[in-house]
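Here are my notes on the model you sent over. I've kept them to the points I'd want to know before looking at the ligand site.

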Amino acid sequence: MAGALMSDAAVVHDLVIVGGGIAGLTIAWEAARAGRDVVLFEQADTTGGMLRAGAVAGLDVDLGAESFATRTSGVHDLVVDARLPVQFVDPLPAGAHLAFRGRFGRTHRAPLPRRAIVGMPADPTAPDVARILGAAGSRRAAEERAMPRTEGAEPSLADLVTQRFGAAVAARLVEPLCRSVYSHDAASVRLSALHPALWEAYERLGSLTAAVDALAPATRAGSAVRGVEGGLWRLASELRAEALRAGAVIRTGTAVRELRRKDNGTAVIIDGETLDAAEIVLATGPSAAAKLLGASVAPAEPVRLAVAEIASRALAAHPVGSGVIVAQDVATPAKALTHVDAKWEWADAALGTDVSLVRLSARDGARIDAEVDVARAVRTLTGASVAPSAVRSLVHVEWPDAVSTPDARTALAAAAAARGIRLAGAIAAGTGLASVIPHARALAHEILATTPQEGARHVR
Ligand SMILES: Cc1cc2nc3c(=O)[nH]c(=O)nc-3n(C[C@H](O)[C@H](O)[C@H](O)COP(=O)(O)OP(=O)(O)OC[C@H]3O[C@@H](n4cnc5c(N)ncnc54)[C@H](O)[C@@H]3O)c2cc1C
């Protein structure tokens, strides 16, 4: 970073980034390696945002994101270009299950359909689909392919799927997938926003079955993701190191309180200090961004997780493969369970015999607090008999500002544009590293192409 010139002059930094999650770090690294004077502020004591580790069962395990979708090459390209010393790993081949309420109110568990997108099947009569829908539900879903395209304004995803595939696909497959993977209920989102490529294929082909058939990977659900040996949090940790090496200034434990527009840029107000920046990138969660932009977005439910070490031979036999996604009709506070050591070989190798590591994601508004709650949820979801005393260590995580709806993103984009501020991260690109990282890099390149390189300069 260029040094001070005159004592009565204000420093104008090329770029200030608010938020040190993976998006902010990506832009800091891109801008610093291009020689820009960049300062990143992160309110937490450490960077990484939703890529964060916590100690459970003697391991540093992911408390936020734990895998990335391979539908884009964004994560791979970043690791290669930044030469990050991380090793990509594939999940173990077991695949994930679905838990749903069957006849007589019993909880059933079945492997997720091999070929499906957001729960919509490529072949509604395939045995793995019929096992979940039943014969009648499967026959009804098969009618979708021959139906005329639904005309008029796009309905919610829940309505679209109910109209076209029937109620069983909506309730048993699409709703649980939508809630656990995207943290939205299917009635509050539209397919065009949730999965633009699938919507585009549907518009082109006139059938959702045909669209899924054209786009779904041929392999088991869950295999379209990869991870990082030792945990995905290492991606953010190594990227931070690279950004620092390239010359970025990273200030943790420092919340940006206000952004004030000026003639020559924006004043960035932190406790007891004001900085000036030619360009601002806002890469926080939606509520934090709304506050800094003076915009209004509806608050979303926090995302709550319980991560536990469990000693149980029945669970260590991996009864539900890499995990379970839960239909709404199952009585449990959990919406999904990841059996970490059944999914990642590095975790399996690090744990003792008959010990498992599970992540339970709570439903909106629900909590999984005590050992007894964890044991009950694990029993319901996996069928394995697990006593509360088998829960050896338990860590709770709450992500208060993790979910941005398409409506929130639209409102933030308008407020940011009006103030000359750029948005990055999930608030701009949507949830998930496969979207966030390529978007952040494209934004960084746009900033580098459209703004001159000044280095920290001083204006009177
Ligand atoms: C439990 C969970 C599991 C997930 N699993 C996956 C997964 O497996 N795969 C996947 O691809 N995605 C997953 N995601 C989503 C993924 O983690 C996010 O889409 C992505 O990490 C968002 O990165 P970001 O940089 O946009 O935001 P964040 O990671 O939220 O970073 C924003 C940062 O801004 C900081 N901040 C906020 N306000 C201020 C302020 N005023 N001043 C300074 N700093 C501020 C915050 O402290 C935070 O560090 C998961 C998310 C959660 C919560």
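1. A term first: a polar contact here is a pair of N or O atoms within 3.5 Å; within protein, one must be able to donate a hydrogen and the other to accept it, and residues adjacent in sequence count only if both atoms are side-chain atoms. With that in hand, a backbone N or O atom of A426 sits 2.8 Å from an oxygen atom of the ligand.

2. Some ground rules. This is a predicted model, with local features needing pLDDT of at least 70, side-chain atom pairs counting only at pLDDT 80 or more, and totals for chains, interfaces and linings using all residues. Residues are numbered from 1 along each chain as its sequence is written, and side-chain values use heavy atoms, with hydrogens and water left out.

3. On confidence: pLDDT is the predictor's per-residue confidence, from 0 to 100. The chain averages 92, and 95% of the residues score at least 70. Residues 1–9 fall below 50, though that stretch still has 15 contacts (heavy atoms within 4.5 Å) beyond near neighbours in sequence. Where pLDDT is low, the predicted coordinates should not be read in detail.

4. A polar side-chain atom of E42 lies 2.6 Å from a ligand oxygen atom, while a polar backbone atom of V256 is 3.0 Å from a ligand nitrogen atom. Taken alone the ligand exposes 1,000 Å², and the protein buries 87% of that (Shrake-Rupley, 1.4 Å probe).

5. What surrounds the ligand? There are 32 residues (a heavy atom within 4 Å), and E42, M50, S67, A426 and L433 are the closest. The shell splits into 16 nonpolar, 13 polar (Gly is counted here) and 3 charged residues.

6. Now the domains, whose bounds come from an automatic or database assignment: domain 1 (10–51 + 230–299 + 403–459), domain 2 (88–92 + 301–399) and domain 3 (113–215). The centres of domain 1 and domain 3, over C-alpha atoms, are 36 Å apart. Their contact takes 4 residues from each of the two. Domain 1 and domain 2 each give the ligand shell at least three residues.
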